[in-house]
Amino acid sequence: MDFKELTEKFGGKLDAQAKWDDCVVVPREYLHNVVAFLKDDPSCKMDMLVDIAGIDYLTYPNHEGERFAISYAFKSLKHPGLRVRLKVQVGESDLKVPTISDLYANANWYEREVFDQFGIEFTGHPDLRRLLNHVEFVGHPLRKDYPAQKRQWLSTNDYLLPELEKRLETLGYWIVQRSKEVETKDNEFLEGSVKE
Amino acid sequence: MIVRDSNGETLDLMPLNVGPSHPATHGCLRFMAAMDGETIVASVEEIGYLHRGFEKMVERGTWQQVVPYTDRLNYCSAIMNNIAFCRAVESMFGVELPERCKVLRVIVNELSRINDHFVCVAAAFQDLGGTTPFMYAFNPREEIMCIWEKLTGARLTNSYARIGGLSRDAYDGFEQDVLAALDSTEKALKDLHACLDRNRIFLDRTVGIGKISAEKAISYGWTGPCLRACGVAADLRKDEPYYDYETYDWEVVVGTQGDCNDRLQVRLAEIEESVKIVRQALKRLAPGPVDIVDPRIRVPAHKLAYQDMEGLIGRFKSVYEGVRVPEGEFYSGSECANGELGFTIVSDGSGHPYRIKVRPPCLTQFAAFHELVEGGQLADSMAVLSGLNIIAGELDR
C-alpha cells in the first residue's frame, strides 16, 4: 500500500529517518483516528500491533523537533509482509498521548512500558502503572538524563489486590468486602539488611 | 474478599498469590488469582522480576557489544537472538551475506528452534508430573548442546553471530555431528509422540484448556507457535522470507483449537519441519567465506592484524570505536522459536547504538494469560503457563 493517503488525510508526513521501512509521522491529536483507519482499511488491514517503542532524543546530534517520540510498529496478517510504523512526537512540556489500548489488547502493556521507562502518559489508558520497574522506583530509566549507574532502595512488594479487584469489577462482580492488605513494610525482616 | 456476581449471588473469594519464585512459574513470573474453591475467577499478572535494563545497558557499548546481551534474552535459543539482531543491523547496512554464512545461519537457527521447542515440551510435561518425556527430549538436546560447545565454545550463551558474518566457521565433522543429532531428534520425536498422543492423563489436562480464539490472539499480538496453534498460518520465514527460507521445502504448521494441547503439538510438528530444513541446508553447505569482506562492518581476521597495517587499523577501529551503522530508524522482526523477535533500532551514525527496543514474543503472550486461565482450575494455569513457553529473560529484558 502507498501510505501517501495517510499523509494527505491526516496531515502526517513521511519520516525522513526511516530509510529501510515505511514510517509516517502523524500529529498527536490524530493518532487514534489514524490507527483506527489503518486497522480497518481493507487496503492495509493492519490487524496486529507489533511494538511500541519510546525514543528520547535528548542527546541525539543535531536533532530538530520535540524531545520524545513514540514509534508504533504494525503489521498485517491479511497482506503478509505489509508493515508500517507510525511516529508521534511528544514535547517535554506536555507528555500526553492518546491511548490505543481500546483498539489493540496488547497496547495496554506496551503503553505501560513506555510510561514506565519514559514517563509519557497515555490519556484514557485503563490501568497506567509501571510494568517492568518496581512500584517504588523514582524516575524514568530510559531517559537519556537518567544515570545508568544510579541505584535505588526498593523495599516492598507490588500490591496486586487493587488490580485484582479492578479485574473482578470488569468481569461484572461487585466487591462487597475487600480483603486486608499485608504490610510487608512493617515487618522486621528488612531490618539489618543493607539499608543505608 | 466477598463479592456479588451478576445474578446477585454472594461469593467468598480467596486472593491467592502464585510466584514469583515458584518452581512451576519458570523463573520469575507472578500472578494473583481470586479463587472460588479450585476455580480461578479473576487473575492479574505482574512481571519485571528479571528486569536487568537490557535497553539501557546496550546504549553504553558498541554495536558489536550488543550481541552477548542478546544471548540473555531467550537463553533457550541464544543463537537465534544473535542472528535476529545481526540481521536487523545488516539490513541497515544493506549488505548481502555470503552463501555459506546464510546456510550456516539457517542450520544453527533451526537447531536452536529444535532445542527451544524440546525444552518447552519437556518442561510442560514435567510440570504436569511426567518425568519420562523430559529425558526423551533432553537426549537430543544434549547432542545439540555438544555441537554448540564445539562450534562456539559455550553451551548456553553462545554469541555465535557477528554483524556481517559469524564468529567462526564450522569445525571439521560439523555435518556428521548435525546429522547424528537429527537422527536422535527424530527418534525422540517418535518416543514423545508415543508418550503424548494417546496419553489419557495428558489429554485430560491439556485438551480444551487455555483456549483462545484467533481474533483475540491477533489482538494480543501473538506470534509464533502460539498463534499458529489458533489456526493462523503466519510465519515470517514464509511471509517475509530471509536467508532463502522460501527455497527450502517445508510447511507452516497450524493447529485447530488454540488450546494447550495444540500449542505443544504445533511445537513438536515444527521440530519435524526444522529437521527437514536442516537436512536440506546441509546439502547446500558448500565451502566458502562466512564473513563479508569490509573492515567497516566486519572486523578483519585476526591474522591480518599481524600481517598488514590496514588489517591492524581496521581491527583497532572496529574494536575501539565500533562499527558505524548508518543514521536512521528501523524495525526488523525475525521468526524466533517463540514468535517474532523484533528490534526497533535508532542509530545516530556513531559506533554506539542510540536506542534499541526489543520486542519480545513472550510479552504479548503473557499479557493474555488472564484470559486463558479465568474460569479454569488452578492446576490448569500451570499447564497453560508452560505451554506458552514464557522465558523470563526476554519477557523482562
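Where in chain A does N62(A) lie? Select it and you land in the loop between β3 (48-56) and β4 (68-75) of chain A. Helices (H or I, at least four residues) and strands (E, at least two) are DSSP runs, numbered from the N terminus.

Before going on, a word on what is on screen. This is a predicted model, in which local features need pLDDT of at least 70 and side-chain atom pairs count only at pLDDT 80 or more, while totals for chains, interfaces and linings use all residues. Residues are numbered from 1 along each chain as its sequence is written, and chains are lettered from A and ligands numbered from 1 in the order in which they are written.

**Stop 1**

Most residues other than glycine have a negative phi. Is N62(A) buried or exposed? It is exposed, because 6 other C-beta atoms lie within 10 Å. (Buried takes 20 or more other C-beta atoms within 10 Å of a residue's own, exposed 12 or fewer, and partly exposed is in between; C-beta atoms are placed from the backbone.)

Now select N389(B), in the loop between α16 (378-388) and α17 (392-396) of chain B. Here too phi is positive, about 55°, and the residue is not a glycine. N389(B) has 28 other C-beta atoms within 10 Å, so it is buried.

**Stop 2: chain B as a whole**

Zoom out to chain B, where you can trace 17 helices and ten strands. Its C-alpha trace spans about 85 × 45 × 35 Å along the principal axes. Of the 397 residues, 54% count as buried.

**Stop 3: where the chains meet**

Next, display both chains together. The contact takes 48 residues from chain A and 50 residues from chain B, two residues being in contact if their C-beta atoms, placed from the backbone, lie within 7 Å. On the chain A side, β3(A) gives the largest share, six residues. That side has 30 nonpolar, nine polar and nine charged residues. (Ala, Val, Leu, Ile, Met, Phe, Trp, Tyr, Cys and Pro count as nonpolar, Asp, Glu, Lys and Arg as charged, and the others, Gly among them, as polar.)

Finish at β8(A), which runs antiparallel to strand β1 (residues 2-4) of chain B and is joined to it by three bridges; strands pair if DSSP finds at least two bridges between them. Pick I175(A) and look across to its bridge partner, V3(B).
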